[in-house]
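This briefing looks at residue surroundings, the surface and aromatic groups, in that order.

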Amino acid sequence: MTNKPIQGWVLRLVRGAMIAAIYAALTLLLKPISYGMIQLRFSEALTVLPALWVEAVPGLAVGCLIANVLGGMGIWDIVLGTLATLLAALTTRALRKKTALVPLPPVLFNAVIVGTMLGILLAQPVALCILYVGIGQVLACYGLGLPLYIKLAKSPLGQDNRP
């Protein structure tokens with residue numbers, strides 16, 4: 001009898017938990033620039049990871065949930081911000097064979113959902129909030145996330161060696 005299926009399951013569980021922890025810690029560590037109408041979440045660079053590992057989908061959702069619960073923006077950010085990240089992660093997973101599109105879902109979902117939410121909550125022009133969140137997402141997801149994805153995809157870490 002082999003332990004490979006159990007080892008593979010444990011590896012995926014641990015990897016998902018690590019992604020959640022890194023996302024939450026990075027967001028909270030950089031709290032002054034992670035929340036608000038103008039935001040740059042460096043943790044959003046991790047949103048490319050579902051293209052490599054399916055366990056990154058729940059990992060990102062849980063990490064975002066933790067960051068939003070502890071971030072102080074309230075219930076709307078907890079629900080809508082986490083939903084945006086979950087939808088983006090699922091869509092990124094679906095686009096995993098199209099490298100240039102891998103970072104696009106988090107840009108679009110967060111710009112529209114989080115930008116709209118911030119515009120309403122902060123009584124600011126919604127279009128301006130969408131633009132600001134979108135710019136931050138482009139910087140994080142394409143500026144940091146895409147190079148991360150390309151590097152990991154070429155490394156042994158990025159290979160899906162499931163038993």
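Setting aside residues up to four places away in sequence, Met 37 touches Leu 118, Leu 122, Gln 124, Leu 128, Cys 129, Tyr 132 and Val 133, where contact means heavy atoms within 4.5 Å. This is a predicted model, in which local features need pLDDT of at least 70 and side-chain atom pairs count only at pLDDT 80 or more, while totals for chains, interfaces and linings use all residues. Residues are numbered from 1 along each chain as its sequence is written, and side-chain values use heavy atoms, with hydrogens and water left out.

**The loop between H2 and H3**
- Met 37 is found in the loop between helix H2 (31-34) and helix H3 (56-71), helices being DSSP runs of H or I with at least four residues, numbered from the N terminus.
- Met 37 is buried, at a relative accessible area of 17%, given that buried means under 20%, exposed over 50% and partly exposed in between, with a 1.4 Å probe and protein chains only.
- The C-alpha atoms of Met 37 and Leu 118 are separated by 6.2 Å, although the two residues are 81 residues apart along the chain.
- Leu 40, found in the loop between H2 and H3, is partly exposed with a relative accessible area of 22%.
- Not counting residues up to four places away in sequence, Leu 40 touches Ile 33, Ser 34, Gly 136, Leu 139 and Ala 140.

**Helix H1**
- Met 18 lies in helix H1 (residues 4-29) and is partly exposed, with a relative accessible area of 48%.

**Charge and ring**
- The charged end of Arg 41 sits over the ring of Tyr 35, 4.7 Å from its centre, the rule being CZ of Arg or NZ of Lys within 6 Å of the ring centre and within 35 degrees of the ring normal.

How values were computed: Helix = DSSP H or I, 4+ residues; strand = E, 2+ residues; numbered from the N terminus.
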